[in-house]
Amino acid sequence: MDLGARVRADFPLLRHTMNGKPLVYLDSAATSQKPRAVLDALLEYYQDYNANVHRGIYRIAEEATARYEGSRAKLAAFLGASRPEEIVFTRGTTEAINLVASAWGRINIQAGDEIVLSVMEHHSNIVPWQLLAAERGARLRYIPVTDDGRLDLVAYERLLGPRTKLVSVTHQSNVLGTVNPIKLIAERAHSVGALMVIDAAQSVPHQAVNVSTLGADALAFSGHKMLGPTGSGGLWARYDLLEAMPPYHGGGEMITKVELERSTFKDPPHKFEAGTPNIADNIVLGAAVDYLLGIGFDAIAAHERDLTAYGLRRLREVPGLTILGPLDTVDRGGALAFTMDVVHPHDIAQVLDQEGIAIRAGHHCAEPLHRRFGLAASARASLQIYNTRDDIDALIAGLHEVNRLFGRSPRVKEEVGGAG
Amino acid sequence: MALDDLYREVILDHYMHPRNRGRLEPSDIAVEGANPLCGDELALYVRVSDGRVADVRFEGRGCSISQASASMMTEAIKGKTIEDVHRLVTEFKGMMHGQEPAEDLGDLVALQGVRKFPVRIKCATLPWVAVEQGLAEHEAGRTAGKATTEAER
């Protein structure tokens with residue numbers, strides 16, 4: 001039995017039907033489903049040791065604190081960080097990038113400085129830098145995307161210079177599936193003295209990510225895309241960098257002493273975790289890490305590569321369909337975005353919904369990338385470990401139905417008209 | 001919920017073969033409409049003469065519902081008095097929000113099926129919000145405006 005079929009039973013939501021059809025969930029790049037182990041851990045927290053962290057001196061508060069910090073240590077090991085204190089819990093990738101832009105950016109970016117991003121970025125890796133650039137009078141430069149959906153590294157080289165202060169690029173595109181050569185990009189960024197930030201929201205769920213081998217200075221990730229709860233996730237950053245950064249939010253838990261006129265702050269990561277943090281979800285994120293490691297990234301990557309290759313092959317059978325991004329599985333993950341010649345993505349998604357198939361339609365928070373390809377929107381099927389070839393087959397059958405409904409078959413008129 | 005309620009024959013026909021598509025130059029009214037939720041875009045051009053819609057055209061890109069609704073609307077308002085267009089807009093929006101139309105809306109009734117798919121209602125109302133905005137701009141002596149379905153309910 002393949003991995004998808006084997007682990008499927010671990011995901012209770014996948015047993016549901018949608019519009020009377022077995023649910024085919026192909027929107028994991030938006031958010032992943034959760035295994036039973038994660039759901040159980042969430043219930044266990046609230047039922048057995050729900051207490052605030054870092055303050056209670058009673059037993060369950062100590063347990064909550066130990067598990068919260070234990071999850072941090074687990075994530076640090078998972079990402080290859082040199083110490084647990086390099087992990088700051090945030091609501092996810094968006095907040096992690098905003099944290100860097102705000103805390104690091106405000107003291108390090110001056111008028112005339114340049115921030116290098118790429119055209120394939122998610123809005124969460126564009127808008128925070130736009131806000132920073134507008135505030136500090138800095139300039140944004142963009143690495144172009146080639147027709148086959150790769151970063152133009154020659155152009156990247158030319159963008160770098162003495163004014164480049166920061167490079168922030170996605171590890172894996174949420175639309176094209178492209179896996180970017182981060183190590184190389186980081187080396188070049190460092191050669192001009194720039195900071196390297198990685199948006200790893202789409203890579204951490206699918207491949208073994210190690211911050212030390214990638215050569216990054218900071219990396220943002222989301223728990224909910226890696227089988228964990230929404231509102232979990234964080235920022236990894238080099239400890240010395242975190243130490244030099246001022247606080248992001250002010251409030252309780254992040255201080256050592258508060259006077260009426262001034263306060264002093266804790267060391268990282270607590271300096272960046274003001275207020276009661278998302279205790280439950282970040283503890284439970286540790287259970288998601290355990291689940292992923294239990295399967296192993298070699299098996300995960302092999303399964304997803306097989307499914308991606310199968311999906312790319314079968315999508316090409318559908319008349320009028322164009323795939324965005326690389327057409328082979330070399331440095332490519334399982335985000336399968338496409339357009340159809342006469343049918344708008346929203347109509348594609350609507351027809352598939354009736355077949356029980358969940359995909360995403362729109363710009364997937366990557367408007368500049370869509371504009372680069374002359375598009376306003378695309379349809380996207382995205383894969384996770386629990387998907388199978390049967391899911392792809394259902395998608396392809398659904399897409400043939402889309403074509404039939406929109407008149408690629410001469411029978412469409414009587415059928416639709418007759419029922420209406 | 002059957003898809004046939006959404007994709008009625010007349011809707012697919014207008015989507016695949018839009019009427020009055022293109023730019024109108026010169027025009028008395030030009031409105032850019034947008035549905036921020038799903039990115040439907042529409043440009044509507046109207047020429048007014050003797051208190052009537054002398055000509056109307058549209059350009060845009062979006063889903064079948066927004067584009068078919070625009071095509072059907074241009075057919076419905078061409079030649080009508082401004083007053084009649086206002087009434088038709090009210091009737092149409094009312095129908096999309098659950099009221100029975102007081103007059104025979106002809107082919108436009110096909111769009112009633114969209115009501116069963118709430119997230120798509122704004123796709124259907126976009127061109128109507130745009131023409132309403134355009135007429136308001138025209139009455140205020142302006143020739144261009146922007147319309148959005150954001151505040152529309």
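# A guided tour of chains A and B

Start with Pro26(B), which sits in the loop between helix 2 and strand 1 (29-35) of chain B.

**Stop 1**

Is Asp50(B) buried or exposed? Asp50(B) counts as exposed because it has 6 C-beta neighbours inside 10 Å, and a residue needs 12 or fewer to be called exposed.

**Stop 2: where the chains meet**

Now show both chains together. The contact between them takes 16 residues from chain B and 18 residues from chain A. On the chain B side, colour helix 1 (3-6) and helix 2 (9-16), which each supply at least two residues. Sorted by class, the side of chain B that touches chain A has 8 nonpolar, 3 polar and 5 charged residues. For the complex, the predictor gives an ipTM of 0.89 and a pTM of 0.92.

**Stop 3: chain A as a whole**

The C-alpha atoms of chain A fill a box of roughly 80 × 55 × 40 Å along the principal axes. A compact globule of 420 residues would have a radius of gyration near 22 Å, and the 23 Å of chain A agrees with that. Of the 420 residues, 51% count as buried. Among contacts in chain A with a separation of 6 or more, 70% are between residues 24 or more positions apart.

Chain A has a mean pLDDT of 95, and 97% of its residues reach 70 or more. Over residues 410-420 of chain A, though, the pLDDT is below 50. Where pLDDT is low, the predicted coordinates should not be read in detail. For chain B, the mean pLDDT is 91, and 97% of its residues reach 70 or more.

**Stop 4: two domains**

Give each domain of chain A its own colour: domain 1 is 3-30 + 296-419, and domain 2 is 38-293. Their centres, taken over C-alpha atoms, are separated by 30 Å. Where they meet, 25 residues of domain 1 are in contact with 24 residues of domain 2. Which elements give two or more residues to the domain 1 side? They are helix 11, strand 14 (335-340), helix 13 (367-372) and strand 17 (378-382) of chain A. Helix 11 gives the largest share, 4 residues. This side of domain 1 divides into 14 nonpolar, 6 polar and 5 charged residues.

**Stop 5**

Select residues 279-295 of chain A to see helix 10, which has 17 residues and reaches 25 Å from first C-alpha to last, close to the 24 Å expected. Because 13 of its 17 residues are buried, helix 10 is largely enclosed by the rest of the structure. Step past its end to Gly296(A), whose phi is positive, near 95°.

Helix 12 (residues 345-354) of chain A is mostly covered, with 8 of its 10 residues buried. Among the buried residues are Pro345(A), His346(A) and Leu352(A). Just after helix 12 comes Gly356(A), with a positive phi of about 85°.

**Stop 6: loops in chain A**

Next, pick Pro269(A), in the loop between strand 12 (263-265) and helix 10 of chain A. The peptide bond from Pro268(A) to Pro269(A) is cis, with omega near 5°.

Move to Ser203(A), in the loop between strand 8 (195-199) and helix 8 (211-214) of chain A. With 24 C-beta neighbours inside 10 Å, Ser203(A) counts as buried. Residues that Ser203(A) touches include His171(A) and Val179(A).

Compare Pro319(A), in the loop between helix 11 (297-315) and strand 13 (321-323) of chain A. Pro319(A) has 10 C-beta neighbours inside 10 Å, so it counts as exposed. Draw a distance from Pro319(A) to Leu399(A): they are 80 residues apart in sequence and 9.2 Å apart in space, C-alpha to C-alpha.

Finish at Glu253(A), in the loop between helix 9 (239-244) and strand 11 (255-258) of chain A. Glu253(A) has a positive phi of about 70° although it is not a glycine, and it is partly exposed, with 16 other C-beta atoms within 10 Å.

Conventions. Residues numbered from 1 in each chain as written. Chains lettered and ligands numbered in written order. Predicted model: local features only at pLDDT ≥ 70, side-chain atom pairs only at ≥ 80, totals over all residues. Contact = placed C-beta atoms within 7 Å. Nonpolar A, V, L, I, M, F, W, Y, C, P; charged D, E, K, R; others polar. Rg over C-alpha atoms; globule rule 2.2 N^0.38 Å. Buried ≥ 20, exposed ≤ 12 C-beta atoms within 10 Å, placed from the backbone. Expected span 1.5 Å × (residues − 1). pLDDT = per-residue confidence, 0-100. Domains from an automatic or database assignment. Lists of a residue's contacts leave out its neighbours within four places in sequence.
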